[in-house]
There are 2 protein chains.
Amino acid sequence: MTRQELFEQILRKQSFLCVGLDPELSKLPQHLLQCNNPVLEFCKAIIDATHHYCIAYKPNLAFFEALGPDGLRTLTQVLAHVPPGIFTIADAKRGDIGNTSRLYAQAYFECFGFDAITVAPYMGEDSVKPFLTFPGKWAVLLALTSNAGSRNFQFTPQEDGLPLYEKVIKQSQQWGGHANALMYVAGATHPEELARIRELAPQHFLLVPGVGTQGGDLAAVCHYGMNEQCGLLVNASRAILYADQGVHFAQAAGQAARYLQRQMQAILKERGLG
Amino acid sequence: MTRQELFEQILRKQSFLCVGLDPELSKLPQHLLQCNNPVLEFCKAIIDATHHYCIAYKPNLAFFEALGPDGLRTLTQVLAHVPPGIFTIADAKRGDIGNTSRLYAQAYFECFGFDAITVAPYMGEDSVKPFLTFPGKWAVLLALTSNAGSRNFQFTPQEDGLPLYEKVIKQSQQWGGHANALMYVAGATHPEELARIRELAPQHFLLVPGVGTQGGDLAAVCHYGMNEQCGLLVNASRAILYADQGVHFAQAAGQAARYLQRQMQAILKERGLG
């Protein structure tokens, strides 16, 4: 999916919501545990209930690998249930030496058919570049993550006084990381830094986790991070998936997604994108 | 496997060789492509030919994920073929927010039964800690990798003048990363930095990739990196797997592994560990 097509989806649905699919067995509604494949049934019901309100789904690979050898098969079945036109992100945080990153890119873009994959920057240029060479596909590079551990290395001033996450954003743009192939992860828990990230990458889409359970604020994220093509994919996972953990989980998830979509619609309108 | 048990394996086999299992379909011997599962047959033959000469196997997850939904099943079949007593490392370079890293740890330690998993440090403390809490299991944290891209961020001086990889080594030891739960990746392509890493982590095992195809030198690695319990797992992948790409690939792989084991035996003897 191109950047223009993504923008058109945002305008059409009046939403920039990404639903994170993190199906943890211990958190699934009890009644689903009798199914043959509870995770698949859960994800399908979540997709059915939310797809009108979101423009992207982001399955986190950990939750599928935790299912063992059949986990990736379940993942393909979940993906097959995503309606056409919705952007799909493999939240995999991969990255390895060049020849190995190329294999990861082939796996997620070609074999599983994702539109995007999250990528970790620690191993540098040759670990990131292979993800940038598939037309219409996207690398989503970790820049400033939403978790507490983001304070350990990402904020550390480098020799030029700038924090590591800024260096990641600057350097990656020199590796062919233009705004049609690369996005950045920028956590909602650091809203003021979003302004700086937007300055360094005015055109790039930002994938923003951390709204909801992790405490990030949607209005602040949009205030600091939105650009003229929206430029944001705001992710919510647990706040939607586990809005209710009983028999009405899907209905509650739909309501939670709709609630976020309505807030997004109001913000888009305010920005002249309504 | 405990550190003491690992050391005993090294003494017994007179080897600290780790064989990286990176089975790329395009590089497999032609005659295997007729098999029902060429990657499985290839890995089994490589294990049969090399297990006397190595103490560890390190399947890289990219090469199994590239097989699609059945890739993880093939991985479990490969693991089932590893003889008892051999250390197994999931080269997965995982790392995510705390609750998600916990799932990755459960997946690789409990579900797939690996002894160790490689972990990326960019997301900091809560992304690494969950891997350190499984008795007898190991996180192998990326510190200084063997690839060209290691120059982009890992060597960058921090505000105190020390490079990022040193900060990773220092901080991770404060997160419960003692020498019985944590190892570091330290590339053979940076032999002189191994001395500094050994200074910062005198007791920790180092997983050293980059000998062979990537150009690292075994003698230099041992000169700078060895400690009184050896403290090294030196990995070779392509130099063993693809020593010969014809019908005699397994025999050639065995010879390549044996050649490295003999060199290691001589070094251990020199160090009084023979």
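Residues are numbered from 1 along each chain as its sequence is written, and chains are lettered from A and ligands numbered from 1 in the order in which they are written. Because the model is predicted, local features need pLDDT of at least 70 and side-chain atom pairs count only at pLDDT 80 or more, while totals for chains, interfaces and linings use all residues.

In chain B, 8 strands form a closed barrel in the order β1-β2-β3-β4-β5-β6-β7-β8, with parallel pairing. Strands (E, at least two residues) and helices (H or I, at least four residues) are DSSP runs, numbered from the N terminus. Two strands pair if DSSP finds at least two bridges between them. From one strand to the next, the twist averages 30°. Strands β3 (residues 87-94) and β4 (residues 116-119) of chain B run parallel and are joined by 3 bridges. In β4(B), V119(B) stands opposite R94(B).

Helices α9 (residues 191-200) and α10 (residues 218-225) of chain B have axes that come within 7 Å and cross at roughly 20°. Axes are lines fitted to C-alpha atoms, for helices over the stretch in contact; angles run from 0 to 180 degrees between N-to-C directions. α9(B) and α10(B) are therefore roughly parallel. Angles under 35 degrees count as roughly parallel, over 145 as roughly antiparallel, 65 to 115 as roughly perpendicular and the rest as oblique. The crossing is right-handed, meaning that the near helix is turned clockwise from the far one by less than a right angle. α9(B) contributes P191(B), E192(B), L194(B), A195(B) and R198(B) to the contact, and α10(B) contributes A220(B), V221(B), Y224(B) and G225(B). Contact requires C-beta atoms, placed from the backbone, within 7 Å.

The axes of α2 (residues 38-50) and α12 (residues 249-270) of chain B come within 8 Å and cross at roughly 40°. α2(B) and α12(B) are therefore oblique to each other. Their crossing is right-handed. A45(B), I46(B), D48(B), A49(B) and T50(B) of α2(B) meet A250(B), Q251(B), A253(B), G254(B) and A257(B) of α12(B).

At the interface, 47 residues of chain B contact 47 residues of chain A. Helices α3 (61-65), α4 (71-80), α5 (98-111), α6 (125-128), α7 (150-153) and α8 (164-173) of chain B each supply at least two residues of the chain B side. The largest share, 7 residues, comes from α5(B).

Terms used: Contact = placed C-beta atoms within 7 Å.
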